[in-house]
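Hi,

Here is the structure I promised to pass on. Have a look at it first, and then read on for what turned up.

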Amino acid sequence: MFKVADSPLDGRVPDGAIADKWDNRKNELKLVSPNNKRKYEVIVVGTGLAGASAAASLAEMGYNVKAFCFQDSPRRAHSIAAQGGINAAKNYPNDGDSIWRLFYDTVKGGDYRARESNVYRLASVSGNIIDQCVAQGVPFAREYGGTLANRTFGGAQVSRTFYARGQTGQQLLLGAYSSLMRQVGAGKVTLMPRREMMDLIVDEGVTRGIVCRNLKTGEMEAHTGHAVVLATGGYGNVFYLSTNAKGCNVTAAWRCHRRGAYFANPCYTQIHPTCIPVSGDYQSKLTLMSESLRNDGRVWVPKSADDNRAPNEIPEDDRDYYLERRYPAFGNMVPRDVASRAAKERCDAGFGVGDTKQAVYLDFKHAIERDGEDVIRSKYGNLFHMYQKITAENPYQVPMRIYPAVHYTMGGLWVDYNLESSVPGLFVLGEANFSDHGANRLGASALMQGLADGYFVLPYTVGDHIGKHGSSLKPLGNDHPVVQEALESATSRVNSILAVNGTKSPDSIHRQLGQIMWDKCGMARTAAGLKQAAEEIRGLRDVFWNEVKVLGSGDSFNQNLEHAGRLADFLEFAELFATDAWHREESCGGHFREEHQTEDNEARRDDDNFCYAAAWEFQGVGEQPVLHKEPMEFNEVALSTRSYK
Amino acid sequence: MSGQGMNLTLRVWRQAGSEDKGEFRFYQLNNVSEHMSFLEMLDVLNERLIKLGEEPVAFDHDCREGICGMCSLMINGQAHGPDNETTTCQLHMRRFRDGDTITIEPWRAKAFPIIRDLVVDRTSFDRVISAGGYVSVNAGNAPDANCLPVPKQDQEKAMDAAACIGCGACVAACKNASAMLFTSAKVSQMAVLPQGKPERARRVLNMVAQMDEEGFGSCTNTSECEAACPAGISVDNIARLNREYLKAVVFSDEGV
């Protein structure tokens, strides 16, 4: 199913002790003088935490920036939906936190499949992020004395999570957005909303720009510059049902992959344990209930499989608080992958609750008895409100019903330590890259990574590329052959989709893809299932190109066409996903292979054979990709079996 | 309600492009489950239309969990429909009855031109923010976060205002299509926080000027905006904006 490259892939990690690596690298990086920065243009695709913070920071430094998003405004990016919080090693609660401890927890939480040096840098700039956000006016929760408040999140035994009610992502994104809009007002950033990136322009191996479709007019546009920054989020919607926004897609990343950027660890998917269960076949997305709820909520199922009593009628003795039973040290606060698998295990064994039996209870009874309803309301009011809206049940009175759902993708485009992809001049930030979370991301770390990359890493490293290549990169006109070729290929792809004129809607094919992915590439995977999934995906791709029906034209606002284009890329990407999951003959983090588990159903890693990032090189649709292995070296945190018992 | 689902008549605004003439079209939709969200009901309609060879209804949506502000829709004349503090994506069909006729329109305001069907252009909101809805601080400049204590009640007030999702329901609900609630939410957030103090005068003056330039109307003082707001933004913020504006005009060097 694939070929293996001869030599290992180099992450270009700087020398020195782990705590000195980032300083050492910064000292080596080329600088661009303030007067010269204004001669250069950087293209930023995506305006979530990573993209907006990067675009704002680059403009503050003096670069000219063009910022692209498919939504009508940069403020809509899906970072906005993050609920619980953002981690930082401030140690404000005086409970023994440190940069090293945040680094350690993240490496361990990622099940030893992240790049150590990147994680250390992430932990070391985490404090600066909080400082920056507070300076912007982000209204983080505070104590009565006026200092910042913290709470605990999964996978940690300290309180290092900063939050703004249950809307932390919203407030952080609006902070980054306000900095971005300040630069728009100053004329340093040109906003390009309602644009879909369709292709990467590469000339002589160096990134030169992008092609995008103006979603309002359908016009295909080429934009060239001196570097391209991709911050386009994750690909969870390959499962159709996920907690992602409906528009989230893999298209920009996949188009870059097709132009030579390696795609790393696509199979690492985070299935979040606390989501509102699926209720009907019309369901269009799944809604997350923040992990922070596990601070006060207790997860349980009935001890007896056929206990059909209402939850409040089931006495304590007949309840199985299975997380507390299996993992006494971390209890309800185990990492997400562990909690999700434990829920699936109980439901598969017949202990699930609700009509579908595919749910477990998350119960606030004890917290409300202990702290009172008002305290619980002040902490989680908006989440309880949202739950009640969707389910018509009052979680103050009856336990929530929850089930795992696809939430975040740790895999992404491969980047080196500088966040530069395998195509020089293309940088990848946030969820769109692969580097910091290994095989499982800890709660409240996605916001941290997005802002770390955008505010404090990329602004330094992009200068190195521009310092080295900027003066030799002359602007490319629309008549340049590589620009022409990219424009024509994007146009012809749109036309081919419109020309199929079959009978099946993009949505119906996307649902089929989601079913294949959930059944065979979801929480439990087997070699045979994955192989079959790859075959079914290829078959479904043929169905798409022979039977899809997209009405309307390419030169107008056409949401159905947008969806079809994204689906076409998901259908290519999904096969790589299945191949990656099939090739990784071990279980780690969110990647659980049924063949590789311990006697008590925990993931069993194979560090001798799989302690590497799998970076895939595109060879053509349906062709065998080439696997480049970047060895993951653990010099600071010894490789060991994760235990949360 | 029976297990059969509801039979509904939908009266939907269709408009091919910003320059085209729009019209209401009627669609019959049967067997709608009460557990569907309003947007899922529109998904079902669109799947049906594709089968019939009619172009699906365009509507903006993204997160479908009430926070991104992308979804909109006037539903039976109410912005985001009949529920309080609820976006259209969080509105569920259990709120409707078998046999209902539901009228679905786009936001209507001069500053929100229609792009297609139910989709409008809200970039005017972005321009209002870029006129002053920020603190001028570059990345890398910030002192330690706890250097600046903020009284809990001020932080709570700022958070109440900062919860605005920028959807535009306030404008759509206002007979003058005023953006005062939107603008005042951002002005308030910054006015009650110490971080926002240095720029408070120029912020309010510039944002109000931009709001006027975009073609939003004057405040009617009827609080329709507050009633329609899915994020629970209070008209107290408008009062605060007015005070900020007056102070800026009378006392600051930035005044006109």
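Let me begin with the cysteines of chain B. The sulfur of B:Cys219 has its closest cysteine sulfur in B:Cys225, 6.3 Å away, which is too far for a bond. B:Cys219 is partly exposed, with a relative accessibility of 28%. Keep in mind throughout that this is a predicted model.

How many disulfides does the structure hold over all chains? The count is 0. B:Cys170 is likewise in no disulfide, and the nearest cysteine sulfur, that of B:Cys167, sits 6.5 Å away. Is B:Cys170 buried or exposed? B:Cys170 is buried, at 9% relative accessible area.

While we're on chain B, here is the overall picture. Its secondary structure consists of 8 helices and 7 strands. The C-alpha trace of chain B spans about 65 × 40 × 35 Å along its principal axes. Chain B has 256 residues, and 59% of them count as buried. If you take the contacts in chain B between residues at least 6 apart in sequence, 68% of those join residues at least 24 apart.

Next, a helix pair in chain B. Helix H3 (residues 152–162) and helix H5 (residues 180–192) of chain B cross at roughly 165°, and their axes come within 8 Å. Because of that angle, H3(B) and H5(B) are roughly antiparallel to each other. The crossing of H3(B) past H5(B) is left-handed. On the H3(B) side you'll find B:Asp154, B:Lys157, B:Ala158, B:Ala161 and B:Ala162, and these meet B:Ala185, B:Ser188, B:Gln189 and B:Val192 in H5(B). Sorted by class, the contact of H3(B) with H5(B) has 5 nonpolar, 2 polar and 2 charged residues.

Helix H3 (residues 49–61) and helix H12 (residues 446–469) of chain A pack with their axes 8 Å apart, at an angle of about 30°. That makes H3(A) roughly parallel to H12(A). H3(A) passes H12(A) in a crossing that is right-handed. From H3(A), the contact is made by A:Leu49, A:Ala50, A:Ser53, A:Ala54, A:Ser57, A:Leu58 and A:Met61, and from H12(A) by A:Leu447, A:Gly450, A:Leu451, A:Gly454, A:Tyr455, A:Leu458, A:Pro459 and A:Val462. What classes of residue make up the contact of H3(A) with H12(A)? There are 11 nonpolar and 4 polar residues, and no charged ones.

The other pair is helix H15 (residues 527–547) of chain A with H16(A), where the axes are 9 Å apart and the packing angle is about 160°. H15(A) and H16(A) are therefore roughly antiparallel, and their crossing is left-handed. The residues of H15(A) in this contact include A:Leu530, A:Lys531, A:Ile537, A:Arg538, A:Arg541, A:Phe544 and A:Trp545. Those of H16(A) include A:Leu567, A:Leu571, A:Glu572, A:Glu575 and A:Trp582. Here the contact of H15(A) with H16(A) divides into 16 nonpolar, no polar and 5 charged residues.

A:Asn601 has phi near 65°, a positive value in a residue other than glycine. Where is A:Asn601 found? A:Asn601 is in the loop between helix H16 (559–583) and helix H17 (607–610) of chain A, and A:Asn601 is partly exposed at 38% relative accessibility. Chain B has a case too: B:Asn221 has phi near 60°, again positive in a residue other than glycine. B:Asn221 is in the loop between helix H6 (200–213) and helix H7 (224–228) of chain B. With a relative accessible area of 64%, B:Asn221 is exposed.

Last one: A:Ala5, in the loop between strand E1 (3–4) and helix H1 (21–28) of chain A. Leaving out residues up to four places away in sequence, A:Ala5 touches A:Val626, A:Leu627 and A:His628. As for A:Ala367, 362 residues along the chain from A:Ala5, the C-alpha atoms of the two are separated by 54 Å.

Cheers

Key:
Residues are numbered from 1 along each chain as its sequence is written. Chains are lettered from A and ligands numbered from 1 in the order in which they are written. This is a predicted model: local features need pLDDT of at least 70, side-chain atom pairs count only at pLDDT 80 or more; totals for chains, interfaces and linings use all residues. Side-chain values use heavy atoms; hydrogens and water are left out. A disulfide is a pair of cysteine sulfur atoms within 2.5 Å. Buried means under 20% relative accessible area, exposed over 50%, partly exposed in between (1.4 Å probe, protein chains only). Axes are lines fitted to C-alpha atoms, for helices over the stretch in contact, and angles run from 0 to 180 degrees between N-to-C directions. Helices (H or I, at least four residues) and strands (E, at least two) are DSSP runs, numbered from the N terminus. Angles under 35 degrees count as roughly parallel, over 145 as roughly antiparallel, 65 to 115 as roughly perpendicular and the rest as oblique. A crossing is left-handed if the near helix is turned anticlockwise from the far one by less than a right angle, and right-handed if clockwise. Contact means heavy atoms within 4.5 Å. Ala, Val, Leu, Ile, Met, Phe, Trp, Tyr, Cys and Pro count as nonpolar, Asp, Glu, Lys and Arg as charged, and the others, Gly among them, as polar.
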